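Please examine the structure displayed here before reading the report.

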Amino acid sequence: MSHSSSHQHDHHAGHAHHHGHFHGPSSAPNYNKAFAWGVALNFGFVVVEVIYGLIADSLALITDAGHNLSDVLGLLLAWGASYLATRTPTSRRTYGFRRGTILASLLSAILLLLALGAIAWEAAHRINQPVRVDGVTVIVVSLIGVVINTATALMFLSGQKHDLNIKGAFLHMAADAGVSFGVAAAGVVIMFTGWLWLDPVISLVIVAIILFGTWGLFRDSLNLAMDTVPSHINPDEVEAFLRSYAGVTDIHDLHIWAMSTTEVALTVHLLIPNQSVDDAFLGELALQLNERFRIGHSTVQVERGDGASCHLAHPGSL
């Protein structure tokens with residue numbers, strides 16, 4: 001982003017990271033244990049659900065097993081992406097593999113949406129041709145699921161406010177605990193009423209509940225992959241803050257995007273014609289952006305002229 005000296009611009013670039021305010025990829029290894037236990041517990045439960053779902057001929061159990069398997073894959077994707085995000089950047093991959101956390105979330109959501117479609121199709125077929133199920137088996141296995149899913153969700157409770165991957169894992173596990181409880185309740189009702197149609201209906205309810213959360217994960221992941229401003233940031237508020245900053249008379253070429261599911265970057269050109277700008281000024285601005293908006297990687301270019309000579313001030317002319 002260089003300009004010739006005839007433009008009378010002074011250029012300063014400021015970068016600052018304040019990991020004390022929110023967690024970057026360096027914090028991801030702290031969840032290795034949670035990922036390992038989460039994968040082990042849920043994969044074991046998938047095996048149990050498939051076996052007893054076939055024994056009891058319960059589509060609700062098999063449905064939940066399919067969902068739990070997708071959760072295992074999602075945890076593995078998030079775990080792998082979190083590891084890759086800690087890899088050192090290179091001269092070609094200047095951001096390293098941080099965006100892998102976004103791609104992992106997106107892929108996990110897509111796989112789950114495909115699985116939900118297949119499950120809904122089978123459930124709709126069984127509503128017309130209900131099959132008798134073993135209510136006791138459904139109840140026992142589902143209650144085991146409540147315990148496992150609750151325990152797994154609690155492992156990610158502390159980090160779900162800072163990372164889309166962790167938040168996705170937490171929400172899926174918490175929802176699974178509720179869904180497993182619902183399947184157990186359906187087993188009780190079937191035992192006393194003989195309403196065989198309730199098993200596929202519960203499956204459709206499970207699909208609807210999971211679809212609601214999965215669609216949000218898909219939307220947020222896709223937006224981050226497309227360099228959309230992260231949902232927790234209001235770009236108008238960021239622009240207003242920058243325009244009101246001491247000495248700033250105008251701004252242009254403002255961009256805000258996610259480097260990963262935990263890091264947000266910003267670049268901007270500030271027009272400051274009548275004030276000296278030093279490292280302290282840039283450092284304080286970066287600190288304010290981090291504290292106010294959780295933007296931890298900011299690059300600021302300062303210009304002294306009227307901004308007209310910067311071709312990025314008028315993107316339509318490019």
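The model is predicted. Three strands form an open sheet in the order β1-β2-β3, and their pairing is mixed. At its edges lie β1 (250-258) and β3 (297-303), each of which pairs on one side only. On average, neighbouring strands of this sheet are turned by 10° against each other, direction ignored.

Strand β2 (residues 264-271) runs parallel to β3, and seven bridges join the two. Within this part of the sheet, H269 stands opposite Q301 in β3. In general, the strands of a sheet pair through backbone hydrogen bonds, in either a parallel or an antiparallel manner.

## Helix α8 on the sheet

Helix α8 (residues 279-293) packs on the sheet, where it touches β2 and β3. The direction of α8 makes about 135° with that of β3.

Just after α8, R294 adopts a positive phi of about 60°.

The buried residues of α8 are F281, L282, L285, A286, Q288, L289, N290 and F293. Their cover includes α7 (235-244), β2 and β3.

## Nonpolar cores

The largest nonpolar core has 22 residues, of which V238, L242, L270, L285, L289 and I295 touch the most other members. At least two residues of this core are supplied by each of α7, β1, β2, α8 and β3. The largest share, five residues, comes from α8.

Which residues does L270 touch, if those up to four places away in sequence are not counted? The contacts of L270 are L242, V248, D250, I251, L285, V300, Q301, V302 and E303. Two of these partners, L242 and L285, are themselves listed with L270 among the core residues that touch the most other members.

Another core, of 18 residues, lies apart from the largest one; among its members are L61, V138, V141 and I210.

Terms used. Residues are numbered from 1 along each chain as its sequence is written. This is a predicted model: local features need pLDDT of at least 70, side-chain atom pairs count only at pLDDT 80 or more; totals for chains, interfaces and linings use all residues. Side-chain values use heavy atoms; hydrogens and water are left out. Two strands pair if DSSP finds at least two bridges between them. Helices (H or I, at least four residues) and strands (E, at least two) are DSSP runs, numbered from the N terminus. Axes are lines fitted to C-alpha atoms, for helices over the stretch in contact, and angles run from 0 to 180 degrees between N-to-C directions. Contact means heavy atoms within 4.5 Å. Buried means under 20% relative accessible area, exposed over 50%, partly exposed in between (1.4 Å probe, protein chains only). A nonpolar core is a set of buried Ala, Val, Leu, Ile, Met, Phe, Trp, Tyr and Cys residues joined through side-chain atoms within 4.5 Å.
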